[in-house]
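Thanks for coming. I have one structure to go through today, so let me put it on the screen.

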Amino acid sequence: MREGWRWYGEFDKISLPEIAQTGATEIVTALHGVPYGDIWQTDAIQSVNARIRNAGFNWNVVESLPIHERIKRGDGDLSGLFANYRQSMANLAAEGIKVICYNFMPLVDWTRTDLRSPVKRGGTCLRFSIEKIAALDVYMIEREGAEADFTPETLRDAKRWFDASTTAERDALIHAVMCGLPGAYDRYDAANLKQALAGYEGIGRSEIRDNYKRFLDEVIPAAEELGLRFGVHPDDPPRDIFGLPRIVSNADDIDWVLNAHKSPANGLTFCAGSLGANPSNDLPSIAQRFADKIHFIHLRNVTKEPNGSFEEAAHLDGDTDMPALVSVLLKEEKRRQTSGRDDHQMVFRPDHGHELLDDESKQTHPGYPLVGRMKGLAEIRGLIDGLKHNMA
Ligand code: DNO
């Protein structure tokens, strides 16, 4: 597996020479300044690529080429947006990009309630507290019918949190929830979020699936021609949120995606952290089942709590059996190699990391500190080497 590192380009406080010291060889990035729906122009792609290559890295994976909300909502004439998307794909392929990571989560991307939750031996992690999500949904956004999505215990805890919370704590909550949106994005406060949610009224699971299938039908044939592979990033967390249906949360969903437009180009970003937050997802077996469709990998771990809350654990801690998962991935690589594929090595990146030591002073993207991710990468590197030694 090839070691990747997510870099936010001009928006990143961590420089390429610093990343070089982690040992990673693949940069994973995007044109974070381009508004959703606009074309990624060749000169802009070339200049990012030149920076990356001059610093001694490869750029094979784009994370993400974002999908405009209108496509997710199936709103109006989408031909221009699809044409732009395909043009961006063509421009990227011409610069040597091989894999496009994207997601089909309506409105919000990864969602957490706490960006700096303390961990036992020092440092902080990202946390998802179900009672805070309920407080936001039920008492701050006041979404109609929101109560029905939570258990009575969660609603009780949510009310308790809300009643005791200060304005600053409520602001911090909404800020944390919005932090999942990378790059050139719309950020919402509670009122805006409520308004944005209204745009999804009447759009349920089957409508989102229809819109998703349409997207795949529009882009996957072009991907095949361009030699690009698409990897959908699973929902994070893998559950409906703010009443928005999430449709890439478990093995059945993934099966649906892969069959909605059958093609070797239509595949998966295997995000262990996202899938791992659902207690019924057995990660090594999901990886095994869809192994040949995995085009890109995020390795991360979570510790789940019975009420649906979870915390990001250190990469080899937490509930996911990382050695079992990584050995499935290594066997798949071996299979690809034996079958003669020259691109048999998959790119993975240590996804997220605890904020450790002087990470906090750097004010990096939440979840993307230098030391914490470097620790995760080093641990996974050791795991991979050990497993390979045993396989040999
Ligand atoms: C979070 C990331 C996601 C991911 C997108 C892919 O840290 O894994 O934001 O980049 O969902 O489209």
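**Helix pairs, ligand and loops**

I start with helix H6, residues 152-164, and helix H7, residues 167-178: their axes come within 8 Å and cross at roughly 125°. That angle makes H6 oblique to H7. On the H6 side the contact is made by Trp161, Phe162 and Ala164, and on the H7 side by Glu169, Arg170 and Leu173. Sorted by class, the contact of H6 with H7 has 4 nonpolar residues, 2 charged ones and no polar ones. Please keep in mind throughout that this is a predicted model.

Helix H13 covers residues 322-338 and helix H15 covers residues 370-391; their axes come within 10 Å, with a crossing of roughly 60°. H13 and H15 are therefore oblique to each other. Which hand does the crossing of H13 and H15 have? The crossing is right-handed. From H13, the residues in contact are Met322, Pro323, Val326, Ser327, Leu330, Lys331 and Lys334, and they meet Leu383, Ile384, Leu387, Lys388 and Met391 in H15. The residues of this contact of H13 with H15 divide into 8 nonpolar, 3 charged and 1 polar.

Next, the ligand. How many residues surround the ligand? There are 15, and the closest are Glu63, Ser64, Asn103, His352 and Tyr368. For Ser64, a side-chain N or O atom is 2.5 Å from an oxygen atom of the ligand. For Arg6, the distance from a side-chain N or O atom to a ligand oxygen is 3.1 Å. For Trp110, the corresponding distance from a side-chain N or O atom to an oxygen of the ligand is 3.5 Å.

Ser64 comes up again in the backbone. A cis peptide bond joins Glu63 and Ser64, with omega about -10°. Both of these residues are listed among the closest to the ligand. Where is Ser64 found? Ser64 is in the loop between strand E3, 58-63, and helix H3, 69-73.

A cis peptide bond also joins Asp236 and Pro237, and there omega is about -5°. Pro237 has its place in the loop between strand E7, 229-233, and helix H10, 251-260.

Leu107 is found in the loop between strand E4, 99-103, and strand E5, 114-118.

That is what I have; I will take questions now.

Terms used. Residues are numbered from 1 along each chain as its sequence is written. This is a predicted model: local features need pLDDT of at least 70, side-chain atom pairs count only at pLDDT 80 or more; totals for chains, interfaces and linings use all residues. Side-chain values use heavy atoms; hydrogens and water are left out. Axes are lines fitted to C-alpha atoms, for helices over the stretch in contact, and angles run from 0 to 180 degrees between N-to-C directions. Helices (H or I, at least four residues) and strands (E, at least two) are DSSP runs, numbered from the N terminus. Angles under 35 degrees count as roughly parallel, over 145 as roughly antiparallel, 65 to 115 as roughly perpendicular and the rest as oblique. A crossing is left-handed if the near helix is turned anticlockwise from the far one by less than a right angle, and right-handed if clockwise. Contact means heavy atoms within 4.5 Å. Ala, Val, Leu, Ile, Met, Phe, Trp, Tyr, Cys and Pro count as nonpolar, Asp, Glu, Lys and Arg as charged, and the others, Gly among them, as polar. A residue is near a molecule or strand if one of its heavy atoms lies within 4 Å of it. A polar contact is a pair of N or O atoms within 3.5 Å; within protein, one must be able to donate a hydrogen and the other to accept it, and residues adjacent in sequence count only if both atoms are side-chain atoms.
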